[in-house]
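Please keep the sequence and the structure in view while reading.

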Amino acid sequence: MLTHLHSLVIGPGLGRDDLMQATVAEVIAAAREKKLPLVLDADALWLIQKRPELVKGYKECVLTPNVVEFGRLAQSVGLDTHGDTGKEGCKALANALGGVMVVRKGGVDWISDG
């Protein structure tokens, strides 16, 4: 699986069905094994909220949460950003996830890998 890919984007339109989320978890694990760059958005972020260990420390991963998704991700790793979803909050979340790139989308976008 994934042998002909150079990168992988997962998320939009997936849905939150248990079987789909389990399948996505397997795909993420396989992509990590092959050191394949990942971009995760939308329903893939829903999975990461539940299982942050899937991406923790994987520096070839980019998470692209909006403000609401950002808050859920921060909470899932026990991070209290005190409402800061900007520069410092983005940096704190990236650090909490071990250097994963976080692109927090909004009126002003913030990007950090910690």
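## Helix H1

The buried residues of H1 are Gln21, Val24, Ala25, Val27, Ile28, Ala30 and Ala31, where buried means under 20% relative accessible area, exposed means over 50% and partly exposed lies in between, computed with a 1.4 Å probe on protein chains only. These residues pack against strand S1 (8–10), strand S2 (38–40) and helix H2 (43–50), a contact being heavy atoms within 4.5 Å. Helices (H or I, at least four residues) and strands (E, at least two) are DSSP runs, numbered from the N terminus. The model is predicted, so that local features need pLDDT of at least 70 and side-chain atom pairs count only at pLDDT 80 or more, while totals for chains, interfaces and linings use all residues. Residues are numbered from 1 along each chain as its sequence is written, and side-chain values use heavy atoms, with hydrogens and water left out.

Helix H1 covers residues 18–33, and its 16 residues should span 22 Å at 1.5 Å a residue, which agrees with the 23 Å between its end C-alpha atoms; the expected span is 1.5 Å times one less than the number of residues. At the start of the helix, a side-chain oxygen of Asp17 comes to within 3.0 Å of the backbone nitrogen of Leu19. This is a polar contact, that is, a pair of N or O atoms within 3.5 Å, of which, within protein, one must be able to donate a hydrogen and the other to accept it, and residues adjacent in sequence count only if both atoms are side-chain atoms. H1 lies across S1 and S2 and runs at about 155 degrees to S1, with axes fitted as lines to C-alpha atoms (for helices over the stretch in contact) and angles running from 0 to 180 degrees between N-to-C directions.

## The sheet

Five strands form an open sheet in the order S1-S2-S3-S4-S5, with mixed pairing, and two strands count as paired if DSSP finds at least two bridges between them. S1 and strand S5 (110–112) stand at the edges with a single partner strand each, so one side of each has no neighbour in the sheet. From one strand to the next, the twist averages 15 degrees.

Strand S3 (residues 61–63) pairs with strand S4 (residues 101–104) in the parallel sense over two bridges: Val62 has Met101 as its bridge partner in S4, and Leu63 has Val102. S4 and S5, by contrast, run antiparallel and are joined by three bridges, with Arg104 standing opposite Trp110 in S5.

Apart from its neighbours within four places in sequence, Cys61 is in contact with Leu38, Leu40, Val55, Val100 and Met101. In soluble globular proteins, nonpolar side chains tend to be buried together.

Helix H2 is largely enclosed by the rest of the structure, because six of its eight residues are buried. These are Asp43, Ala44, Leu45, Leu47, Ile48 and Gln49, and what covers them includes S1, H1, S2, S3 and H3.

## Individual residues

Ser112 belongs to strand S5 and counts as buried, at 12% relative accessibility. Its side chain reaches the backbone nitrogen of Gly114 at 2.9 Å. Not counting residues up to four places away in sequence, Ser112 touches Cys90, Lys91, Ala94, Val100, Met101 and Val102.

Most residues other than glycine have a negative phi. Lys35, in the loop between H1 and S2, has a positive phi of about 60 degrees although it is not a glycine, and with a relative accessible area of 62% Lys35 is exposed. Ala42, in the loop between S2 and H2, also has a positive phi, near 50 degrees, but Ala42 counts as partly exposed, at 23% relative accessibility.
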